[in-house]
Amino acid sequence: LRLRPDRVAMQDATAQMAMLQFISSGLPKVAVPSTIHCDHLIEAQLGGDKDLRRAKDINQEVYNFLATAGAKYGVGFWRPGSGIIHQIILENYAYPGVLLIGTDSHTPNGGGLGGICIGVGGADAVDVMAGIPWELKCPKVIGVKLTGSLSGWTSPKDVILKVAGILTVKGGTGAIVEYHGPGVDSISCTGMATICNMGAEIGATTSVFPYNHRMKKYLSKTGRADIANIADEFKDHLVPDPGCHYDQLIEINLNELKPHINGPFTPDLAHPVAEVGTVAEKEGWPVDIRVGLIGSCTNSSYEDMGRSAAVAKQALAHGLKCKSQFTITPGSEQIRATIERDGYAQVLRDVGGIVLANACGPCIGQWDRKDIKKGEKNTIVTSYNRNFTGRNDANPETHAFVTSPEIVTALAIAGTLKFNPETDFLTGKDGKKFKLEAPDADELPGAEFDPGQDTYQHPPKDGSGQRVDVSPTSQRLQLLEPFDKWDGRDLEDLQILIKVKGKCTTDHISAAGPWLKFRGHLDNISNNLLIGAINIENGKANSVRNAVTQEFGPVPDTARYYKKNGIQWVVIGDENYGEGSSREHAALEPRHLGGRAIITKSFARIHETNLKKQGLLPLTFADPADYNKIHPVDKLSIQGLKDFAPGKPLKCVIKHPN
């Protein structure tokens with residue numbers, strides 16, 4: 001498909017490279033409405049205000065670049081402290097029928113307002129900002145029919161946790177998930193957004209809900225009643241067509257759906273909350289919960305905070321506080337200000353919580369965690385969307401589970417995975433046993449939302465006089481140079497940099513956390529290339545054999561050695577290679593360090609596109625079993641490139657050292 005999206009949104013970690021690429025285009029202004037959102041570079045350490053001040057100081061150079069580049073090229077700028085990109089989009093830019101792309105994999109959050117909102121890499125965003133049609137392979141459509149209604153402890157999060165368990169992390173690849181059926185009306189607009197948001201974890205292109213009265217109510221409460229009125233007028237176009245056919249159909253009865261918790265180490269390992277404690281003991285996972293964390297772009301709405309506060313109030317009434325550490329991340333400045341006004345924030349503090357900055361924080365690894373040492377086995381529970389190894393705190397022994405905010409709150413109070421709030425009792429300060437009642441909270445505030453501080457910088461009508469500086473000595477930003485062009489010949493004698501064993505997400509390929517500060521400097525961030533991937537030759541991370549010296553060393557160092565010595569190389573990957581984040585650095589880095597191709601059993605959609613955009617060949621084995629024929633010490637030749645035609649397979653010749 002060649003599409004014309006209505007809008008582009010970029011978070012600050014990916015916007016750096018996107019804006020650097022747009023600058024290199026030489027165009028004076030973006031062709032479609034576009035915004036930058038500062039949410040990824042704020043590290044959770046001491047609490048909201050202190051962490052925000054620290055982030056503004058540490059990241060001043062990057063924030064100044066994004067603000068001035070936005071002003072020059074006509075891009076709106078949401079300053080640090082505004083909130084998480086997807087919550088800001090839901091509150092301001094998403095609407096039924098919009099086609100929006102964002103440089104973050106959880107952009108589908110906007111499907112909760114009936115929009116087609118899709119996560120992409122920065123190069124795709126640059127195409128759209130430059131007025132070039134955006135290319136997308138026409139997706140299939142998976143239907144999820146919802147019957148019954150949500151009640152009790154079951155929440156919207158449980159819908160997507162259940163779907164992830166059914167479809168797995170790659171079951172939605174190349175498809176849009178369309179939710180429909182009578183059960184939809186029992187879910188709030190922000191609850192629908194939660195479901196669409198975490199659809200990224202099944203590899204879906206995006207997810208969408210049909211327009212209904214819940215969306216109308218949310219649009220009106222966020223100052224967009226005029227859009228709701230237009231949506232009413234065109235409602236027939238914003239719901240499934242009568243008799244439509246789905247490529248796959250899943251049915252979920254919400255009356256029977258139980259609270260779920262998924263993990264550890266992968267978001268599709270689904271367990272009913274009632275069973276996870278038993279499973280954990282059997283598997284040897286720590287059952288004591290060290291930290292409970294609520295918020296993130298998936299679950300930080302007014303309703304989410306209200307339901308968590310409703311659980312906390314009951315504990316406080318019986319003299320209890322959280323046994324685990326407990327953190328709260330508001331989704332936006334508007335949510336923060338409103339939950340402060342309405343008392344939710346104070347209740348969550350009273351039960352032992354720390355309110356963090358309006359930012360991504362621990363969800364993406366921006367967490368200066370002090371309560372454990374690296375390598376210490378422990379369990380955390382979050383209301384986040386992703387729980388890959390080491391994602392939240394860079395500790396590979398942290399067992400992270402994802403669930404709803406209210407379940408996180410209940411488990412943090414109990415301090416153990418063995419607690420089931422539907423059936424189990426707690427002991428109050430007075431020694432009497434009591435059971436938590438299922439939480440109930442308003443989906444929207446009774447009064448209007450409190451907007452809080454004004455954190456938006458509108459681009460000037462004429463930004464041509466605006467200066468954008470990138471210092472040649474900067475360690476955070478680096479202007480881009482063109483990559484070398486393909487010589488038109490087949491690729492011969494490619495060295496294998498690494499043959500990856502098992503799951504290899506974009507976190508494994510280009511880690512986040514402390515590396516986020518280099519997202520605008522391609523050479524510096526390339527020092528994290530594939531440091532999390534497991535080498536099949538020795539079962540270790542960041543340890544590969546240098547084919548020339550025969551010594552084992554870090555992956556980036558080996559890649560740089562090959563590049564310096566004119567040795568072209570290839571990566572061999574497993575299933576669903578590149579799942580997770582939309583970060584195009586996972587494609588830019590191997591291209592920058594001399595890579596020519598990535599050959600896998602299968603790819604995640606966004607990563608495959610990013611590789612193509614940066615001139616790396618993303619190839620898949622015609623027979624996945626051929627993965628086993630290749631050994632890390634082999635050399636490969638890829639033949640048939642100069643005579644390539646669609647549908648004609650390429651030939652891979654393996655050369656063993658002997």
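The structure is a predicted model. Four of its strands form an open sheet in the order 10-9-8-11, with parallel pairing. A search of the whole structure finds 34 salt bridges, among them contacts of Glu-443 with Arg-214 and with Lys-217. A UniProt annotation from an unreviewed entry covers residues 495-623.

- Between strand 8 and strand 9 the chain passes through helix 6 (residues 156-167), giving a right-handed β-α-β crossover.
- Six bridges also join strand 8 to strand 11 (residues 248-253), again in parallel.
- In strand 11, Gln-248 is the bridge partner of Ile-142, while Ile-250 stands opposite Val-144.
- Helix 6 packs on the sheet and touches strand 8, strand 9 and strand 11; the direction of helix 6 makes about 135° with that of strand 11.

- Beyond its neighbours within four places in sequence, Gly-428 is in contact with His-318, Leu-320 and Phe-434.

**Salt bridges of Glu-443**

- Side chains of opposite charge can pair when their charged atoms come close.
- Glu-443 meets Arg-214 in a salt bridge with an N to O distance of 3.2 Å.
- Since Glu-443 lies in the loop between strand 20 and strand 21 (456-457) and Arg-214 in helix 8 (residues 213-221), this pair ties together parts that are 229 residues apart in sequence.
- Both partners, Glu-443 and Arg-214, are buried; the relative accessible area of Glu-443 is 14%.
- Glu-443 also forms a salt bridge with Lys-217, whose closest N and O atoms are 3.7 Å apart.
- This second pair likewise links distant parts of the chain, with Lys-217 in helix 8 and Glu-443 in its loop, 226 residues apart.
- Lys-217 is partly exposed, at a relative accessible area of 43%.

- Arg-290 and Glu-376 form a salt bridge in which the closest N and O atoms are 3.1 Å apart.
- Glu-376 belongs to the loop between strand 16 (353-355) and strand 17 (378-382), and Arg-290 to strand 14 (residues 289-294), so the pair ties together parts 86 residues apart in sequence.
- Glu-376 is partly exposed, with a relative accessible area of 29%, and Arg-290 is partly exposed with a value of 29%.
- Through salt bridges that share partners, Arg-290, Arg-369, Asp-371, Glu-376 and Asp-393 are joined into one network.

**The annotated domain**

- According to the unreviewed UniProt entry, residues 495-623 carry the annotation "domain: Aconitase A/isopropylmalate dehydratase small subunit swivel".
- Residues 495-623 are 27% helix and 18% strand, and the end C-alpha atoms of this span lie 21 Å apart.

Notes. Residues are numbered from 1 along each chain as its sequence is written. This is a predicted model: local features need pLDDT of at least 70, side-chain atom pairs count only at pLDDT 80 or more; totals for chains, interfaces and linings use all residues. Side-chain values use heavy atoms; hydrogens and water are left out. A crossover is right-handed if, with the strands pointing away from the viewer, the path from the first strand over the helix to the second runs clockwise. Helices (H or I, at least four residues) and strands (E, at least two) are DSSP runs, numbered from the N terminus. Two strands pair if DSSP finds at least two bridges between them. Contact means heavy atoms within 4.5 Å. Axes are lines fitted to C-alpha atoms, for helices over the stretch in contact, and angles run from 0 to 180 degrees between N-to-C directions. UniProt positions are given in the numbering used here, feature names are shortened, and annotations may be inferred rather than shown by experiment. A salt bridge is a side-chain nitrogen of Lys or Arg within 4 Å of a carboxyl oxygen of Asp or Glu. Buried means under 20% relative accessible area, exposed over 50%, partly exposed in between (1.4 Å probe, protein chains only).
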